[in-house]
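The entries follow in the order in which I made them.

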Amino acid sequence: MSERPRSFHRKATDDYRWNEVDLLPYKEDDRALFRAITRQTLFSDPAMNGELRYFEMAPDGFSTLERHEHMHAVLILRGRGHCLVGNEVRAIETRDLITVLPMTWHQFRATRGEPLGFLCMVNAQRDKPQLPTPEDIARLKANSAIAAFLNS
Ligand code: MN
């Protein structure tokens with residue numbers, strides 16, 4: 001039986017870092033395509049079955065195009081960019097909220113020449129992301145807005 005986490009107050013430091021929160025590689029999965037993105041796990045509590053992470057992309061960086069059964073609730077905390085969720089490419093700005101429903105293709109891109117950072121709420125226990133097949137990519141790129149987004 002693991003000990004309940006103590007409550008804490010971790011001070012924010014400059015440049016979207018928090019005291020005693022490690023700056024981690026985005027993923028261990030080396031099949032996945034991504035660029036210039038980091039991860040910080042801000043909260044993780046087994047009793048809540050929840051985690052809150054902060055991801056940040058440098059300009060022109062992007063997250064993995066993926067889908068999975070678990071959901072995401074995302075709040076843009078820094079900068080602006082674009083995201084693909086399902087069949088929609090959306091311009092996103094600081095403080096916008098985005099919900100990613102189960103088995104929906106999604107990707108975030110720092111397309112505006114500035115960093116894009118977001119908080120992402122997720123289940124602590126979750127299924128492994130699925131990556132698109134070449135056929136999935138072809139199907140997505142049949143939509144010209146999605147093709148332009150994926151090539152940006
Ligand atoms: Mn995801």
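**Entry 1: Arg78**

I looked up Arg78 and found a relative accessibility of 18%, so Arg78 counts as buried (buried is under 20% relative accessible area, exposed is over 50%, and partly exposed is in between, with a 1.4 Å probe and protein chains only). The model is a predicted one, where local features need pLDDT of at least 70, side-chain atom pairs count only at pLDDT 80 or more, and totals for chains, interfaces and linings use all residues. Residues are numbered from 1 along each chain as its sequence is written, and side-chain values use heavy atoms, with hydrogens and water left out.

I placed Arg78 in strand E6, residues 72-78 (helices, H or I of at least four residues, and strands, E of at least two, are DSSP runs numbered from the N terminus). I then listed the polar contacts of its side chain: Asp15 is joined through its side chain at 3.1 Å, and the side chain of Glu56 is reached at 3.1 Å. A polar contact here is a pair of N or O atoms within 3.5 Å; within protein, one must be able to donate a hydrogen and the other to accept it, and residues adjacent in sequence count only if both atoms are side-chain atoms. Leaving out residues up to four places away in sequence, I noted that Arg78 touches residues including Tyr16, Tyr54, Thr94 and Leu116 (contact means heavy atoms within 4.5 Å).

**Entry 2: the manganese ion**

Which residues coordinate the manganese ion? I found Glu66 through OE, and His68, His72 and His106 through NE2, at 1.9 to 2.2 Å. Donors are N, O and S atoms within 2.8 Å of the metal (3.2 Å for Na, K and Ca), and water is not among the atoms, so sites may look incomplete. Along the sequence, I wrote the donor spacing as E-x1-H-x3-H-x33-H. Both Glu66 and His72 are buried.

**Entry 3: pockets**

I recorded a volume of about 470 Å³ for the largest pocket. On a 1 Å grid over the protein atoms alone, a pocket is an open set of points where a 1.4 Å probe fits, with protein on both sides within 12 Å along at least five of seven lines, and lining residues have an atom within 4 Å of a point. Grid points are joined across faces, edges and corners, and a volume is the space filled by probe spheres set on the points.

The largest pocket has 23 lining residues, and Lys27, Arg53, Glu66, Arg126 and Pro129 lie nearest its centre. Strands E5 (50-62), E10 (106-109) and E11 (116-123) are the elements that give two or more residues to this lining. I counted the lining of the largest pocket as eight nonpolar, six polar and nine charged residues (Ala, Val, Leu, Ile, Met, Phe, Trp, Tyr, Cys and Pro count as nonpolar, Asp, Glu, Lys and Arg as charged, and the others, Gly among them, as polar).

The second largest pocket holds about 220 Å³ of space. Its lining has 14 residues, with Leu33, Leu65, Gln107, Pro132 and Ile137 closest to the centre. E10 and helix H1 (134-141) each supply at least two residues of the lining of the second largest pocket. That lining divides into eight nonpolar, three polar and three charged residues.

**Entry 4: Thr64**

Is Thr64 buried or exposed? Its relative accessible area is 2%, so Thr64 is buried. Thr64 sits in the loop between E5 and E6. A polar atom of its side chain lies 3.3 Å from the backbone oxygen of Leu33. With residues up to four places away in sequence not counted, the contacts of Thr64 include Tyr26, Lys27, His106 and Gln107.

**Entry 5: Asp127**

I found Asp127 in the loop between E11 and H1. At 25% relative accessibility, Asp127 counts as partly exposed. Its side chain reaches the backbone nitrogen of Glu69 at 2.6 Å and makes a polar contact of 2.7 Å with the side chain of His70. Asp127 and Arg67 are 60 residues apart in sequence, and their C-alpha atoms are 9.9 Å apart.

**Entry 6: positive phi**

Most residues other than glycine have a negative phi. I looked up Glu20, whose phi is near 65 degrees, and Asp60, whose phi is about 70 degrees. Glu20 lies in the loop between strand E2 (17-18) and strand E3 (24-25) and is exposed, at 72% relative accessible area. Asp60 is in strand E5.
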